Each structure stands twice: as C-alpha cells, then as structure tokens.
Amino acid sequence: MHSIQDILSQIHSPSDADKALIKKAYDYAAEAHKDHKRYSGEPYMTHTSSVGYKLAAMGMEPRTICAGLLHDTIEDTPVTSEDIERNFGEEVLFLVEGVTKLSSVRYYGTDRHNESLRKLFVATSQDIRVLIIKLVDRLHNMETLGHVPAEKQQRIARETLEIYVPVAHRLGMGKLRKELEDLAFPYVYPEESKRVADILTKRFSKAEEILERERKILQKRLAEVGLIDFHTSFRVKGRYSLYHKLKRKEWDIDSIYDLLAMRIVVNSVEDCYRSLGIIHELWRPLPQRVKDYIAFPKPNGYQSLHTTVTTQNGNILEIQIRTAQMHRESEFGVASHILYKQTTVTDEPKPSMFGALIPALFRPFTRRATASEDEIEKSVSTPHSQKIPRWISQIGQTYNETENPTSDFVEDAESDFFSNRIFVFTPIGDVVDLPVGATSIDFAYAIHSEVGDHTFGAKVNRKLVQLDTELKNGDIVEIETRKSAKPSPKWLHFAKTSLARRRIKSALETEN
Ligand code: MN
C-alpha cells in the first residue's frame with residue numbers, strides 16, 4: 001500500500017498547507033474505508049492510496065490528489081457530501097461528487113450506446129480533473145482485475161476499451177491509454193492476445209537487450225557531436241495497438257516498423273531537428289517514414305519528429321525526437337496543462353478547471369437572457385490577455401483520412417468518437433454537445449430557450465461572428481442577448497438542431 005510519505009514524495013516541493021491537506025485526506029479516507037476490503041482481500045485503502053499516488057506522480061495539483069484519495073467515500077461509505085465540504089472545501093467536494101456521478105454512467109454494450117456514453121462521460125465530468133481522476137481510478141481497477149469475479153471481468157475490460165481508452169486518447173494521455181489497452185486486451189480478446197504474445201516472443205526474445213545496445217551507440221554519437229543535454233529511452237510497441245496493426249497487415253510482423261522504438265528528449269526544437277540529422281548520418285532512414293509532427297501536430301496535440309532507420313546491426317527502429325515539454329504532453333496530455341505549480345491551496349473556490357483554464361474572456365451572457373444594455377457595454381471592454389490552451393482548440397479537429405494508410409491516423413480515426421458531434425464551451429467552461437454544422441443559434445437554444453429567443457449577437461473565441469457561422473470543436477461561444485431581440489425566419493436557414501428549429505417556429509407563430 002502507498003503510504004502518505006510515498007504520495008508526498010511524488011510532489012515537487014509541496015507547501016506545508018498542501019502536505020497537511022493531503023495527509024488529512026489520506027487519513028480521512030483510511031478511516032472511512034476501514035471496514036472495506038478489495039476483492040483481493042486487501043484493505044480498500046490499497047485502491048484509494050494508489051489513485052492518490054498515481055495522480056501525484058502525474059503532477060496533479062493537491063486538491064485533485066485529495067479528491068483522488070476520497071473518490072469512493074461518498075458512494076461506498078457513510079461519509080456525506082456535507083462531511084467532505086466541511087473538511088476539505090467546496091472544490092474537493094465538487095471533484096469527488098463529479099467522480100461519484102460518473103460511476104452512474106453505465107456501459108450498455110452496443111455501439112450506438114457507446115458513442116453517446118463517451119460523450120455523456122465527457123460532458124458529465126464538466127471539469128477535466130474529474131475525468132482524469134476517473135481514468136486513474138479505472139487504471140488501478142484494471143491492474144487488479146485478476147481478483148474480480150470472472151463474470152464481471154469481461155464487462156469491465158470491455159468498458160475500458162470502448163469508453164475509457166477513447167477518452168484517454170482524445171485527451172492526449174498516451175501513457176495511460178497504452179496501459180489501459182494492454183491490461184484490458186487479454187480479457188476481451190483472449191485468443192488474439194495470446195497470438196500477439198507468441199509472435200512477439202518468437203520475434204524478439206531479447207528486445208530489451210537489442211534496444212539497450214542500439215541506445216548506447218546512439219547516445220555516444222549524439223555526445224560526440226556536442227549534443228550533451230538529452231535523455232534517451234526505448235519501448236516495445238503496446239500489444240493491443242500491435243494487434244490492430246497486425247490485423248491490417250495480414251498478421252505479417254515483418255511489415256511493422258514501429259515494434260521497437262527509441263525516444264530522444266532534448267532541450268529545444270532546434271535540437272530536435274539537429275538530432276534527426278545526426279541520426280540519419282549514423283543510420284540509414286527508411287524512405288517515407290520521416291514525419292514532422294512538430295510542424296504539423298496530430299489532432300490531439302501530439303508533437304514529435306518520427307523517423308524509422310535500419311541500424312548497422314540490421315534492426316529496424318522507430319525513433320521519436322521531442323522536447324521535454326512535448327514529452328510531458330504526449331504522456332499526460334491535458335493533464336500536463338494542469339500543472340501542480342499553477343495552483344496551490346487557497347480558500348478560493350474554483351468550481352471548474354475548464355473555467356480556470358479559460359480565463360473570463362468576457363462576462364458570460366449565456367445564462368442571462370435579460371442582460372441590460374449597460375452590462376453588454378461593460379463586458380465588451382473587459383480586457384483579456386491569456387491565450388486559450390492549445391489542446392482545447394485542437395481537441396477535436398477532424399482527422400486527415402487521406403493520410404498514408406500505414407500511419408497511425410487510421411488507428412486514430414477508428415477511435416474518433418467526435419466525428420459527428422462537436423463540443424463547444426461556454427465562457428465559463430461548461431461543455432455543450434452539438435451536431436456538426438451547428439451554429440451559434442443552436443448553441444443559444446441549447447443553453448436556454450430564453451437565451452435563444454433573445455439572441456442579438458454571438459462571439460466565437462472572442463470575435464464577433466455572423467449568427468450563421470458554423471461552430472467548430474473547442475470553440476468558446478458567447479451569446480449576447482437583448483430584451484428587444486426576437487427570432488427571425490432567417491434563423492431557420494441555419495439552425496441545425498430540432499430543438500432550436502422547434503423553438504424558432506413556435507416563436508414565429510406566436511408572433512403572427
Ligand atoms: Mn475507485
């Protein structure tokens with residue numbers, strides 16, 4: 001079991017207040033769950049302490065770690081919401097309740113349901129930290145799935161592959177995604193998983209040795225030419241993603257070039273390109289395998305240079321070159337934007353991390369159908385300096401399906417659950433789910449019919465737009481309302497949702 005010291009040791013220079021809060025949550029959870037056991041027979045606290053530990057290791061801020069420690073208290077123990085709020089404050093309560101709410105999102109086992117489930121899952125969370133806690137909770141449950149009764153294992157593992165993995169992918173959390181996939185794979189596809197394992201052992205009984213040898217050669221070369229500040233590591237491809245690739249390649253292991261990969265983490269973008277040149281001098285690159293995801297990031301924000309080379313020893317290696325920042329983003333995705341350093345414990349309530357990431361761009365009108373002229377004036381002149389985080393604006397850009405079919409884009413497109421829907425945000429960070437092609441009018445009616453009926457204008461990402469402008473994933477939309485504004489027949493030309501169309505028609509009829 002992870003001790004409180006283990007958890008605190010993962011946090012980079014925590015303040016005394018941080019330490020005290022986390023310790024309090026740790027002890028509180030231990031007490032609340034003291035009579036509970038896991039299926040393994042171990043104390044329940046092995047689970048909650050592990051969730052807290054993993055969150056700390058990811059660099060999450062103290063309140064998220066607290067909420068991770070407390071995440072099962074409301075659901076599984078006599079502890080109430082009031083208890084959590086009194087002891088840990090509004091924000092920790094908000095997170096714990098969010099996680100509790102998500103556990104009512106159930107897996108139905110049909111594709112149609114799964115798609116709405118994934119959306120519901122994201123939308124229900126409201127706060128990205130709730131999703132991250134839930135994903136980490138699932139990771140530990142998958143790690144201990146062997147102890148769960150057999151009839152439950154199937155459902156949980158399937159749910160992991162179909163709901164949790166796509167969400168982790170979309171959030172750019174590559175490390176977590178790979179771990180979840182490889183843990184679920186043997187339960188959901190026992191035969192295929194065995195087949196992949198056999199192929200792997202036959203082909204690479206000594207994969208790690210091979211990689212370690214090649215790594216030393218490369219490390220030496222980079223140092224010789226004066227690149228001193230870098231870090232190398234390697235990995236063998238995840239079994240589940242190898243399985244998908246093998247299926248596409250008629251199970252021919254020799255046509256898969258990214259089985260073995262080496263990673264170089266350097267200090268600057270300039271050093272990335274420099275390393276690429278050095279590698280191509282050292283080892284022969286394979287044609288058409290060089291990919292510049294730094295200049296052209298993947299839709300989920302992923303950045304790196306990729307190349308595939310044949311070494312002197314005849315090994316084919318994929319090499320990924322990136323900066324430390326890109327590395328952190330590719331491992332932890334959105335979580336890497338919620339840095340521990342950005343928030344320390346204060347008494348200020350912070351109800352939404354989306355809201356915290358997106359500063360108050362303008363005062364929100366979305367909930368104020370009857371905002372006075374006065375208020376509109378004031379809001380327009382509100383200064384804004386911070387930028388919208390890149391991952392929000394890129395969260396759901398469409399995939400380029402004309403890409404080289406051997407690339408990962410095919411894999412990505414398969415698990416793309418946003419293809420027919422977009423997610424846009426209110427200025428305070430609430431998520432609104434709309435069909436592709438929706439406009440500000442649809443957004444306004446989705447917020448409230450009164451807002452829709454009195455829409456005067458719209459701003460998308462702080463800029464005034466025409467009402468018929470199509471919204472894109474990740475847009476931040478703000479509706480200006482006026483008492484005197486009313487639906488126009490023109491709106492019917494560009495309102496997409498049936499809700500908006502129905503409301504507009506009925507308003508026009510009343511008018512006549
Ligand atoms: Mn749990």
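Along the chain, the donors of the manganese ion follow the spacing H-x23-H-D-x64-D, where donors are N, O and S atoms within 2.8 Å of the metal (3.2 Å for Na, K and Ca), and since water is not among the atoms, sites may look incomplete. The protein donors are His47 (NE2), His71 (NE2), Asp72 (OD) and Asp137 (OD), which lie 2.2 to 2.3 Å from the manganese ion. His47 belongs to helix α3 (residues 45-57) and His71 to the loop between α4 (62-70) and α5 (73-76), so the pair ties together parts that are 24 residues apart in sequence; helices here are DSSP runs (H or I, at least four residues), strands likewise (E, at least two), numbered from the N terminus. Both His47 and His71 are buried, that is, under 20% relative accessible area with a 1.4 Å probe and protein chains only.

This is a predicted model, in which local features need pLDDT of at least 70 and side-chain atom pairs count only at pLDDT 80 or more, while totals for chains, interfaces and linings use all residues. Residues are numbered from 1 along each chain as its sequence is written, and side-chain values use heavy atoms, with hydrogens and water left out.

Gly238 sits in the loop between β1 (231-236) and α13 (239-248), and it counts as buried because its relative accessibility is 8%. Not counting residues up to four places away in sequence, Gly238 touches Lys178 and Asp182, a contact being heavy atoms within 4.5 Å. The C-alpha atoms of Gly238 and Lys178 are separated by 6.3 Å, although these residues are 60 apart along the chain.

Definitions and conventions: Buried means under 20% relative accessible area, exposed over 50%, partly exposed in between (1.4 Å probe, protein chains only).
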